[in-house]
Amino acid sequence: MHSMTASFLRSAHGGESQAHMRYMAWADVAEKEGFCKVGKLFRAVAFAEQVHATNHFVVLKDVKGAFLVDAMAGFGIGRTQENLASALEGETFEINEMYPAYLSTAQAQGEKSAERSIHWALETEKEHAKLFERAGQAVAKGQDLDIKSLYVCKVCGYTHEGDAPDKCPLCGAPKAKIETFGC
Ligand code: FE2
Ligand code: FE2
Ligand code: FE2
């Protein structure tokens, strides 16, 4: 694998891994504050980030060794409103800056597997940003997120409101590969 694509994938793996843990911690805070559905949202999105981190890791399977990885990850635990704002900021950075730059590099270097893994993450983060924005607006009014269920594709991480569809809209995986998070 070209070294620039590999380096970007390692960073993306680091960022996704840390986002997974951060969202699990913020889910606990949301649940303690009584925002049960925001907690579910954080857990569903944390699962999607785990799928992204795993996909990048699998694409990197032949690049072995220890590396210093810049995950560009945010730190801190605030109240839920603050945590949602930080989550939106992180997703927006991935959508506008990080993944488009990584995607063009993978394309320019002809790294097809990296391109697919990055494309799936980029498209999923757009859904995450919309959901976090909506949750932030609800919590600002002292309300919980108005949502019944969420689903996450175990293959590409695609996340959306509602119950599992017959086929993942992003990667085409069948219903059996889609997990529903009830609220
Ligand atoms: Fe992600
Ligand atoms: Fe995300
Ligand atoms: Fe999918």
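Reader: Hi! How much space lies in the second largest pocket?

Author: About 180 Å³. A pocket is found on a 1 Å grid over the protein atoms alone, as an open set of points with protein on both sides within 12 Å along at least five of seven lines, where a 1.4 Å probe fits; a lining residue has an atom within 4 Å of a point. Points are joined across faces, edges and corners, and the volume is the space filled by probe spheres set on them.

Reader: What kind of model is this?

Author: This is a predicted model, where local features need pLDDT of at least 70, side-chain atom pairs count only at pLDDT 80 or more, and totals for chains, interfaces and linings use all residues. Residues are numbered from 1 along each chain as its sequence is written, chains are lettered from A and ligands numbered from 1 in the order in which they are written, and side-chain values use heavy atoms, leaving out hydrogens and water.

Reader: Back to that second largest pocket: which residues line it?

Author: Arg10, His13, Phe57, Leu60, Lys61, Val63, Gly65, Phe67 and Val69 do. By class, five are nonpolar, two polar and two charged. Here Ala, Val, Leu, Ile, Met, Phe, Trp, Tyr, Cys and Pro count as nonpolar, Asp, Glu, Lys and Arg as charged, and the others, Gly among them, as polar.

Reader: And what volume does the largest pocket have?

Author: About 280 Å³. Its lining has 17 residues, and the closest to the centre are Arg22, Met72, Ala73, Gly74 and Gly90. Helix H3 gives the most to this lining, with seven residues. Helices are DSSP runs of H or I with at least four residues, strands are runs of E with at least two, and both are numbered from the N terminus.

Reader: Switching to metals, which residues coordinate the iron ion (ligand 1)?

Author: Glu16, Glu49, His52 and Glu125 do, at 2.0 to 2.4 Å. Donors are N, O and S atoms within 2.8 Å of the metal (3.2 Å for Na, K and Ca), and sites may look incomplete because water is not among the atoms. The iron ion (ligand 1) is 3.7 Å from the iron ion (ligand 2), with glutamate 49 coordinating both. Glutamate 49 sits in helix H2 and glutamate 125 in helix H4, so the pair ties together parts that are 76 residues apart in sequence.

Reader: Are glutamate 49 and glutamate 125 buried or exposed?

Author: Both are buried. Buried means under 20% relative accessible area, exposed over 50%, and partly exposed in between, using a 1.4 Å probe and protein chains only.

Reader: How many salt bridges turn up in the whole structure?

Author: Nine. Each has a side-chain nitrogen of Lys or Arg within 4 Å of a carboxyl oxygen of Asp or Glu. One of them joins aspartate 28 and arginine 43, at 2.8 Å from N to O. Aspartate 28 is in helix H1 and arginine 43 in helix H2, so this pair ties together parts 15 residues apart in sequence. Asp28 and Arg43 also belong to a salt-bridge network with Glu31.

Reader: Where do glutamate 179 and lysine 154 lie?

Author: Their side chains meet in a salt bridge at 3.9 Å, N to O. Glutamate 179 is in strand E3 and lysine 154 in the loop between strands E1 and E2, 25 residues apart.
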